[in-house]
Amino acid sequence: MNYQLNDVNLFYDMDKEERTAALQDITLSLDGKGLVGILGPSGSGKSSLLYIMAGLKQPTSGQVIYGNREITNMDSSILATLRRKEFGFVFQQHFLINYMTVLENTLSPLNINNKSTRRKAMQLLERLGIEKYVNKYPHQLSGGQRQRVAIARALMNNPKVIFGDEPTAALDHASAVEVMELLSEYTTEAMVVIVTHDESILEKADTKIYIRDGRVEEVHKSKQRRI
Amino acid sequence: MKPLNPLLYIKNNFKSVMSIFFSMTLGVFLIYIFSLFSATTTKMVSVASFDLMDKYNIAYVDNNTILPDQFLRVLENNQNNSLAVQMNLSGLAYYRGGMGGTTMLTFNMFEEDTENLLDSFDMELVKGTLPQNDKNEILVPLEYALQNNLSVGDYIGTEVSDEYALQGKYIISGFIQGDVVFALSCQPGGQTKEDVLKRGIMYRVDNLSAVEQKALIDSLPDSVIILSHDYYEEEYSTILTSMQALTYIFTIAMIVILCIALGNLNIVLYSNRRDELKILHSIGFTKGRLLKKLWIENLFVCIGGYIAGIIFTMLVVWLINTYSLIPHGKILELISAQGLITAFTMPIFVSIFSLLPNIISKFKNENLCI
């Protein structure tokens with residue numbers, strides 16, 4: 001599904017004399033497939049851009065069009081439903097629900113616990129190598145294991161877009177590479193948008209968007225998409 | 001179990017919701033036990049008056065007049081199986097275990113009618129014998145005897161103790177037990193049954209329609225005293241209505257107190273769950289869905305507290321009955337449908353008003369996305 005951002009701006013402290021610009025004049029066009037990396041130093045606005053694309057934040061001005069739907073003016077409940085049905089999220093801090101087991105966390109986007117969803121969740125957990133922790137709670141897992149659970153949860157609803165906000169930040173390099181490998185596997189079925197300041201994990205990215213001071217500095221598209 | 005099933009949250013976070021659960025249990029206990037006292041008082045009034053009058057009405061005169069012939073003829077024609085009765089003996093104080101006591105009627109009738117009267121109320125003679133004519137004997141309910149520590153052969157009346165309103169001195173000939181309470185003596189004093197019938201009659205109303213009952217009463221002059229369901233309704237309605245109103249006021253006060261107390265607790269719980277709600281909203285659950293989830297969880301905990309409160313109350317009342325009241329001829333009602341319904345308003349209202357106003361305003365003012 002195509003993504004189109006037209007002249008998107010995000011300002012904080014709108015009621016104060018000096019506004020803080022998080023994003024300015026962002027215009028982008030993405031074709032809805034492949035691995036997209038958003039890169040930039042801390043505070044450059046890369047996470048804000050991701051959150052705006054995902055409908056988790058509303059821009060101050062501009063348009064975000066997903067497919068043929070403008071999500072910037074969408075009703076919050078319709079937007080939430082869109083996120084549940086078409087988007088998957090992997091956040092920096094894992095953000096698992098403490099009182100749910102690994103399996104329940106994985107099933108949470110669908111909120112269905114039957115044979116078929118359990119089988120699907122188990123397949124994902126197996127693929128991520130954490131099937132033996134299925135009945136464990138998040139506090140009983142390591143950081144890397146939790147991040148894998150978060151990935152399994154993000155993939156559970158067959159998303160068309162997977163958003164990852166620094167998904168490898170809390171991991172050692174080997175785990176980070178492994179997580180990126182896993183996410184990369186989905187780029188044929190979905191668009192995977194990853195925010196990071198570590199370019200080394202985006203070697204296989206189809207598109208890299210460089211951000212600095214809230215502005216797009218450069219968009220680099222690889223000549224040939226991986227298959 | 002579905003991941004968002006409220007029971008999953010309650011099961012895994014019982015410590016967090018325990019305060020709500022126990023507050024509701026205590027609140028329901030207070031309301032329901034008060035309702036049981038109220039129901040016991042209502043029952044006491046009922047067994048001593050309404051239930052009697054549902055079967056028999058009593059028409060009598062206490063001056064030199066007599067009951068109209070026409071009235072007696074109608075009853076005779078209807079083969080009413082009426083009983084001659086004198087209402088010249090004071091009632092006896094009766095308690096049940098509720099709030100206060102009442103007066104039970106003492107019927108003065110002929111020896112040969114006593115069995116008929118007891119049979120019509122399914123009353124059982126549990127000890128002693130039926131009273132005989134003009135022997136100053138009296139039959140009392142077993143509960144009355146237990147309440148006053150009386151045995152068959154004991155004397156009651158003003159000549160025995162000032163505590164009695166019953167004039168004179170009567171020997172207890174036996175105890176009766178059943179669904180209604182009354183005392184029974186046979187002191188015709190040399191009068192014939194026909195003479196007594198002209199001045200006082202107990203007539204069956206359970207086979208008469210409401211219209212027929214009213215027509216009979218309307219045919220009587222004002223000098224005739226009529227004891228009927230309506231008469232007692234008028235007599236006790238103010239007391240019973242006030243008692244009911246008190247239950248409602250008490251319930252409302254309890255709901256307000258719990259809403260305030262648990263409202264604050266819910267804010268704390270909400271603060272502790274903000275991350276969870278942010279995750280769920282971010283991965284696509286609408287605020288409305290989350291609000292519903294929070295409310296249903298709160299409702300389940302409150303209903304759990306309600307069930308625990310009802311069971312706890314019944315256990316406490318059962319213990320009070322078994323070890324304290326029943327041995328002394330008293331009893332507290334164990335179940336009150338009205339009490340159950342009144343107490344059930346608590347989990348409903350508290351689950352809504354202790355949670356939703358606070359959370360809705362938080363949902364409105366906060367960006368719930370990560």
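Modeller: Before we start, two strands are said to pair if DSSP finds at least two bridges between them, and please keep in mind that this model is predicted.

Colleague: In β2(A), which residue is the bridge partner of Q4(A)?

Modeller: Strand β1 of chain A, residues 3–12, and strand β2 of chain A, residues 20–30, pair in the antiparallel sense over seven bridges. Within β2(A), the residue that bridges to Q4(A) is S29(A).

Colleague: Which residue in β4(A) stands opposite Y3(A)?

Modeller: β1(A) also pairs in the antiparallel sense with strand β4 of chain A, residues 61–66, over five bridges. Opposite Y3(A), on the β4(A) side, stands Y66(A).

Colleague: Is α2(B) roughly parallel or roughly antiparallel to α8(B)?

Modeller: The axes of α2(B), residues 14–53, and α8(B), residues 229–272, come within 10 Å and cross at roughly 180 degrees. Angles over 145 degrees count as roughly antiparallel, and therefore the relation of α2(B) to α8(B) is roughly antiparallel.

Colleague: Where chain A touches chain B, which element of chain A gives the most residues?

Modeller: The contact between the chains draws on 22 residues from chain A and 20 residues from chain B. On the side of chain A, α2 (76–86) and α3 (102–107) each supply at least two residues. With seven residues, the element that gives the most to that side is α2(A).

Key
Residues are numbered from 1 along each chain as its sequence is written. Chains are lettered from A and ligands numbered from 1 in the order in which they are written. This is a predicted model: local features need pLDDT of at least 70, side-chain atom pairs count only at pLDDT 80 or more; totals for chains, interfaces and linings use all residues. Two residues are in contact if their C-beta atoms, placed from the backbone, lie within 7 Å. Helices (H or I, at least four residues) and strands (E, at least two) are DSSP runs, numbered from the N terminus. Axes are lines fitted to C-alpha atoms, for helices over the stretch in contact, and angles run from 0 to 180 degrees between N-to-C directions. Angles under 35 degrees count as roughly parallel, over 145 as roughly antiparallel, 65 to 115 as roughly perpendicular and the rest as oblique.
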